[in-house]
Amino acid sequence: HKSENVGIIGSGLIGRSFAMLFAAAGYRPCIYDIKESQLDDALADTRKQLADLEKHGLLRGSLSAAEQHERISTTNDLAECVSDVFYIQECVYEREELKRSVWEKVDPMVGENTILASSASAIVPSKLSEGLVHRNNFIVVHPTNPPFYAPLVEIIPAPWTEAGIVQKVKALMTELGQSPVVLKKEIEGFVLNRIQYSIIGEYMRLLKEGIMSVEDLDKVMTDGLGVRYAFNGPLMTAYLNAEGFYEYGEKYRDMIFGIQKSFGEPIKMEGDILKQMQDEITRVVPMDAIHERRAKRDLRLTALSKLKKEM
Ligand code: NAD
């Protein structure tokens with residue numbers, strides 16, 4: 001059935017995640033990749049991931065893991081992937097030229113109403129869609145990794161994207177169980193990464209000035225800000241800490257502004273700072289323990305995402 005079909009271009013980490021999210025919501029995603037072996041890996045991997053989610057009670061929707069997996073198909077024919085679909089999610093490597101060439105190929109293959117979405121993490125939608133016939137249907141849908149546990153998706157329209165497309169994509173992502181946020185216009189780095197890099201930038205400044213160790217800096221987030229922000233964002237937190245924003249502003253604006261003015265020029269992640277980060281963090285988690293630590297991270301994220309759903 002036409003309205004159930006979704007095209008996924010690129011079968012890496014993100015392509016697989018989107019395929020599972022669509023399958024859980026009852027859609028029929030078809031994944032295309034230039035590397036055929038990747039497609040076999042994608043099928044095996046999504047089968048395992050869905051089974052694991054089922055085991056942990058985290059599977060979405062009402063279908064079993066096996067039923068969800070049965071809905072995912074693969075193809076090595078791009079036209080087969082993108083024709084007769086209402087939505088396409090492109091998930092190829094983050095290279096502007098590659099993404100542009102993929103969309104130039106796809107553009108003449110799609111109908112008037114197909115939504116054209118790219119998973120780009122940093123490339124603005126106007127650069128990817130400028131020359132496309134169907135550019136009014138083009139949008140960036142930037143997921144957070146891993147999408148199953150961190151549901152945020154940033155929706156970024158190009159200047160020419162139709163308003164109706166933004167609304168449709170927002171509704172679709174909500175239907176998939178994701179948490180969409182909309183940028184009113186494009187900006188370099190979008191929002192999540194701008195905020196992430198401002199944090200990392202300040203971390204590097206504090207290291208450079210010899211204020212705190214790498215291990216303690218991370219703790220400021222994991223036992224301080226991160227805990228606080230898991231349920232209330234910085235703005236809600238501020239609002240709740242005073243009798244409304246006007247009072248908050250009156251109380252704290254001068255202090256905040258004074259500190260803001262001391263932030264200074266950005267610091268590049270290289271040289272002594274980079275060495276210090278690597279040296280200190282390997283004392284906490286040595287390089288040969290990275291895999292183990294990743295597995296632990298995923299388990300913890302699973303537990304947190306369960307808890308957030310219950311609250
Ligand atoms: P990946 O390296 O895991 O997978 C990319 C896939 O694209 C590979 O399977 C590759 O074979 C395939 N590919 C390459 N050229 C192709 C082509 N011409 N046609 C079809 N397939 C092609 O990458 P990923 O981590 O899944 O990232 C994909 C996109 O999602 C990138 O734009 C990335 O920036 C974005 N993204 C990644 C993350 C993340 O944390 N990994 C988070 C958000 C967004």
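Author: Helix H5 gives the most to the shell around the ligand, with 3 residues, where helices (H or I, at least four residues) and strands (E, at least two) are DSSP runs numbered from the N terminus. This is a predicted model, in which local features need pLDDT of at least 70 and side-chain atom pairs count only at pLDDT 80 or more, while totals for chains, interfaces and linings use all residues. Residues are numbered from 1 along each chain as its sequence is written, and side-chain values use heavy atoms, with hydrogens and water left out.

The shell holds 23 residues, of which Asp33, Gln38, Glu94, Lys99 and Ser121 come nearest; a residue is near a molecule if one of its heavy atoms lies within 4 Å of it. By kind, the residues of the shell divide into 12 nonpolar, 8 polar and 3 charged, with Ala, Val, Leu, Ile, Met, Phe, Trp, Tyr, Cys and Pro counted as nonpolar, Asp, Glu, Lys and Arg as charged, and the others, Gly among them, as polar.

Let us turn to the polar contacts, which are pairs of N or O atoms within 3.5 Å. A backbone N or O atom of Ile14 lies 2.8 Å from an oxygen atom of the ligand, and a polar backbone atom of Val92 is 3.3 Å from a ligand oxygen atom. Lys99 takes part through its side chain, where an N or O atom is 2.8 Å from an oxygen atom of the ligand. On its own the ligand has 840 Å² of accessible area, and the protein covers 83% of this, as computed by the Shrake-Rupley method with a 1.4 Å probe. The elements that give two or more residues to the shell are helix H1 (13-24), helix H5 (96-106) and strand E6 (138-143).

Elsewhere, the structure holds 10 salt bridges, each a side-chain nitrogen of Lys or Arg within 4 Å of a carboxyl oxygen of Asp or Glu. In one of them the side chains of Glu4 and Arg28 meet at 3.3 Å, N to O, and this pair links distant parts of the chain, 24 residues apart, with Glu4 in the segment before strand E1 (5-9) and Arg28 in strand E2 (residues 28-32).

Definitions and conventions
Polar contact = N/O pair within 3.5 Å; in protein donor to acceptor, adjacent residues only side chain to side chain.
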